[in-house]
Each structure stands twice: as C-alpha cells, then as structure tokens.
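Please go through the model below with me. The questions take up one part at a time.

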Amino acid sequence: MVEKVYPMTLEGKAKLEEELEQLKTVKRGEIIERIKIARGFGDLSENSEYESAKDEQAFVEGRITTIENMIRFAQIIDNDGVDADEVSIGKTVTFIELPDGEEEEYTIVGSAEADPFSGKISNDSPIAQALIGKLVNDEVTIATPGGDMLVKIVKVEQA
C-alpha cells in the first residue's frame, strides 16, 4: 500500500507538531477528567455529559492519528532548485484578475497547512494547480466553479 505524502513547509510541520503535543498533553487529560466527572452522575445510558465527553474523546483521538500520519509522511518543500520568479509550493504569489485589475495574494502550501482565511491555499486547489510552474508576467486561465478567470502574475516571493 502506498502512503499519501503530505507536502508542507517547515513552519507547517512545526505547527502540526505543536498541535499534536497540545492534544496529547492537555486535551486528553481534560477529556479524561470530564469522563470521570460524568460517570459520577449515575446511569451512563442516559448521561448526556458522558456521551458528549466520549464523542469529544473519539474526535481528539482521530485528530491525533491524522496528525501523526501527516508528520510521518511529511515532505518538506525545498525551493532551492526553483527560479525565484516561478510559482511553487511554499511561495506567495500575487496576481491581478484581468481585465478589471483586482489584485489577490495567496501563499501556496500543502493540504495539511491550508487555511484560506489567512491566505494559505492548498496545492491541490484549482487556483494553485493553475499557477504552479508559471512565472511572473504570465497570463493564466484558472478554472473555478464560477467560471474561468484570467489572471496575470505580478509577483512571486518566498513565503
């Protein structure tokens, strides 16, 4: 069986390691304490506090397993062999939407680090897929659910 590789930056891997440590050392203990308290309420078959704590425990354990897997199969992005003005994972790209000139900026990261609300998009996203490998001043058509979008890359920099 071939395991999935998770491309990410060193910063992204460090954040995952930090989250993992928090879940293992703090969150697990909090949930165990909630379960102990809920058990004291009596009949477990009708105990909503107990069920809630057990559900949270299952979620946290699942997240721990997911993060451990992502870290184990992490592929740290190295842009040493990539041109300075070429779009790749780990770089921030600024483009202008044509023809109205609306400027947008995104950092392209691996799916494990993606956070669209802070401008970090997954390398698997349609925008990133269209931009990766392109250079400053290239015009690129990006297929989006709302229709094709034509953009011009104006700046690429290491994130």
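Q: In which handedness of crossing does H1 pass H2?
A: This is a predicted model in which local features need pLDDT of at least 70 and side-chain atom pairs count only at pLDDT 80 or more, while totals for chains, interfaces and linings use all residues. Residues are numbered from 1 along each chain as its sequence is written, and side-chain values use heavy atoms, with hydrogens and water left out. A crossing is left-handed if the near helix is turned anticlockwise from the far one by less than a right angle, and right-handed if clockwise. For H1 passing H2, the crossing is left-handed.

Q: At what angle do helix H1 and helix H2 pack?
A: Helices (H or I, at least four residues) and strands (E, at least two) are DSSP runs, numbered from the N terminus. Axes are lines fitted to C-alpha atoms, for helices over the stretch in contact, and angles run from 0 to 180 degrees between N-to-C directions. H1 covers residues 10-39 and H2 residues 48-72, with their axes 9 Å apart. The angle is about 160°.

Q: Is H1 roughly parallel or roughly antiparallel to H2?
A: Angles under 35 degrees count as roughly parallel, over 145 as roughly antiparallel, 65 to 115 as roughly perpendicular and the rest as oblique. The angle between H1 and H2 is about 160°. Therefore H1 is, relative to H2, roughly antiparallel.

Q: Which residues have the most contacts inside the largest nonpolar core?
A: A nonpolar core is a set of buried (under 20% relative accessible area) Ala, Val, Leu, Ile, Met, Phe, Trp, Tyr and Cys residues joined through side-chain atoms within 4.5 Å. The largest one has 17 residues. Strands S3, S4, S6 and S7 and helix H3 each give two or more residues to this core. Those with the most contacts inside it are Leu131 and Ile142.

Q: How many residues does the other core have, the one with Leu16 and Ala112?
A: This core lies apart from the largest one. Among its residues are Leu16, Leu20, Ala53 and Ala112. Its count is 16 residues.

Q: Which residue does a cis peptide bond join to Leu98?
A: Omega of this bond is about 5°.

Q: What is the relative accessible area of Asn137?
A: Asn137 is found in the loop between H3 and S6. Its phi is near 80°, a positive value in a residue other than glycine. Asn137 is exposed (over 50%), with a relative accessible area of 52%.

Notes
Buried < 20%, exposed > 50% of the residue type's maximum accessible area, 1.4 Å probe, protein only.
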